[in-house]
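Dear colleague,

Please find the structure below, handed over for your records.

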Amino acid sequence: MNTQNTAEPIVSAAQDADQLTGFAALGISGTLLKATLGAGYTEPKPIQIQSIPPQLAGRDIFGIAQTGSGKTAAFTLPILTKIMALGTKRRPKTCRALILAPTRELAVQIEDTIKILAKGAHVSTALVLGGVSRFSQVKKIGPGVDVLVATPGRLTDLVREGDLNLADTKWLVLDEGDRMLDMGFINDVKRIAKATAPDRQTALFSATMPDEIAELAKGLLKNPIRVEVSPQSTTVAEIVQGVVIARTKQKRQILSTMLADEAMKSVIIFSRTKHGADRVTKDLERDGFKAAVIHGNKSQNARQKALNEFRDGSVRILVATDIAARGIDVPGISHVVNFDLPDEAESYVHRIGRTGRNGMDGIAITLCDPTENAKLRQVERIIRTKLPIIADHLASPDPVRNPAEKYERQPADPRRVKRPGGANQNGSGKKHFGGKPSGERKPEGAKPYKGNNKRRFGGRKPAARAA
Ligand code: AMP
């Protein structure tokens with residue numbers, strides 16, 4: 001593999017590399033540097049400083065980092081720099097770099113970022129994901145592409161059908177490895193990696209480090225550089241957190257009362273199940289609120305439309321399941337409301353991390369039925385913080401008070417809790433709650449996908465699957 005950065009070296013003969021700072025010092029191509037600065041990235045984030053130079057030098061990367069840490073640019077900029085050095089000749093139905101993401105939304109977001117960072121670089125990109133027409137994807141990769149961003153399910157289908165050949169794929173990125181694992185994609189990922197060029201360069205990113213991810217890293221990475229950034233070091237934002245104790249049947253009214261407060265400018269409401277997300281949305285609409293909803297049963301177009309409406313501010317309320325919202329980066333979310341507690345305590349950290357981004361304050365309110373107390377304790381264990389109770393509707397069921405208002409009145413210090421992302425790096429790994437979910441509905445994405453484990457690229461065509 002060519003480990004030299006021959007594309008538009010940004011250090012001219014007259015310049016001393018030691019004098020360069022920021023992105024200019026990292027060794028990326030001049031075109032990319034211009035686009036990166038143009039995108040408003042003035043200073044590289046820690047993960048970018050730690051991982052761009054080694055990747056340019058040809059090293060594999062094992063990154064422990066969450067979405068929000070800046071990892072997309074961290075893996076994109078070195079790959080683009082190297083691809084630009086190769087010229088435009090590609091074989092049909094191939095991709096030079098493959099970026100695998102567990103969810104469609106994350107894949108879309110990654111491709112969007114790549115397009116921004118590759119502005120002016122003449123690098124082609126394509127997106128391959130389930131839930132949308134296969135035809136246009138096959139057409140797009142027909143002549144060969146430089147960077148392909150994909151979810152594992154559809155990608156596996158395209159490879160098996162002979163519409164894509166990964167033999168020329170010299171860069172492989174696995175994003176959100178732990179989520180891939182949760183969603184049952186790990187065998188697909190291993191097969192996909194096997195089909196890429198043996199001398200490829202690989203980067204694996206994961207927010208947590210369960211044993212299976214360490215195993216995967218051992219199998220896929222060659223002498224990797226390990227980079228680890230905690231969310232605390234990437235943001236100074238603080239999230240105010242609190243719990244509202246209420247019976248499940250009270251939650252709907254409490255939610256509507258809260259949302260009547262205009263201080264709740266941009267709110268993401270998490271529901272454990274797809275059915276629950278639909279029900280919350282319907283109830284809100286009945287109470288006169290306009291809300292968008294995003295979960296795995298929605299078509300890709302509907303999911304993207306909901307996300308766009310939320311992003312551009314045409315709706316201020318987004319109701320989401322954990323899977324659908326994972327990795328979504330929407331700036332300026334003022335509040336996260338957990339309509340119920342997630343089955344997996346760690347999802348709480350991801351949920352509340354949707355707010356308080358880029359230095360802004362955020363508020364996270366969790367509605368907790370007494371039957372969810374064990375889950376609440378588990379959350380408190382992993383964030384190592386006792387969450388303050390801001391309203392208790394069991395003790396005084398009427399009138400339903402507005403917990404958001406209470407925050408406004410007393411944003412007392414004890415409630416100001418540091419973003420608890422460090423819990424991910426403390427070795428506690430993925431914590432699952434014991435026992436079954438309290439509701440009768442299946443939490444979205446909670447069960448690993450089982451139908452595909454024995455499938456090989458040459459195997460029987462499986463039922464279409466959503467990422
Ligand atoms: P990511 O973890 O890649 O999803 O990035 C999280 C957010 O940080 C995105 O909104 C990026 O556009 C932004 N971002 C990434 N790197 C930088 C940087 N060096 N300076 C400013 N913003 C950045």
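Which residue of β14 is the bridge partner of V243? The partner is I389. Before the rest of the description, two notes on the basis of the values are needed. This is a predicted model, in which local features need pLDDT of at least 70 and side-chain atom pairs count only at pLDDT 80 or more, while totals for chains, interfaces and linings use all residues. Residues are numbered from 1 along each chain as its sequence is written, and side-chain values use heavy atoms, with hydrogens and water left out.

The chain as a whole

Of its 467 residues, 58% count as buried, where buried means under 20% relative accessible area, exposed over 50% and partly exposed in between, with a 1.4 Å probe and protein chains only. The accessible surface of the chain comes to about 19400 Å², and 52% of this belongs to carbon and sulfur atoms; such areas come from the Shrake-Rupley method with a 1.4 Å probe, and for residues only the protein chains shown count as cover. Among the contacts with a separation of 6 or more, 78% are between residues 24 or more positions apart (contact means heavy atoms within 4.5 Å).

Strand β8 and its partners

Strand β8 spans residues 238-245, and seven of its eight residues are buried, so the strand is largely enclosed by the rest of the structure. Seven bridges join β8 to strand β13 (residues 362-368), and the two run parallel; strands pair if DSSP finds at least two bridges between them. Within this pairing, Q241 stands opposite A364 of β13. Strand β14 (residues 389-392) also pairs with β8 in the parallel sense, over three bridges, and the V243 and I389 pair belongs here.

The seven-stranded sheet

A separate topic is the open sheet of seven strands, which has the order β3-β4-β2-β5-β6-β1-β7 and parallel pairing. Its edge strands are β3 (125-128) and β7 (225-228), each of which pairs on one side only. Neighbouring strands in this sheet are turned by 15° against each other on average, direction ignored; axes are lines fitted to C-alpha atoms, for helices over the stretch in contact, and angles run from 0 to 180 degrees between N-to-C directions.

Strand β2 (residues 95-100) pairs with strand β4 (residues 145-150) in the parallel sense over five bridges. In that pairing C95 stands opposite V145, and L100 stands opposite A150. With strand β5 (residues 171-174), β2 forms a parallel pairing over four bridges, in which L100 stands opposite L174. Six of the six residues of β2 are buried, and the strand is mostly covered.

Helix α2 (residues 46-56) lies across β1 (61-64), β6 (201-206) and β7, running at about 165° to β7. Helix α4 (residues 104-117) lies across β2, β3 and β4, and runs at about 175° to β3.

Individual residues

M84 is found in helix α3 (residues 71-84) and counts as buried because its relative accessibility is 18%. From C-alpha to C-alpha, M84 and D146 are 9.2 Å apart in space, while 62 residues separate them in sequence. H295 has its place in the loop between β10 (291-294) and α13 (300-311). At 2% relative accessibility, H295 counts as buried. Its side chain is joined to that of D278 by a polar contact of 3.0 Å; a polar contact is a pair of N or O atoms within 3.5 Å, and within protein one must be able to donate a hydrogen and the other to accept it, with residues adjacent in sequence counted only if both atoms are side-chain atoms.

The ligand

Of the 13 residues around the ligand, Y41, G68, G70, T72 and D329 come nearest (a residue is near a molecule or strand if one of its heavy atoms lies within 4 Å of it). An N or O atom in the side chain of Y41 is 2.7 Å from an oxygen atom of the ligand. A nitrogen atom of the ligand lies 2.8 Å from a polar side-chain atom of Q48, and a polar backbone atom of K71 is 3.4 Å from an oxygen atom of the ligand. On its own the ligand has 500 Å² of accessible area, of which the protein covers 81%.

With kind regards
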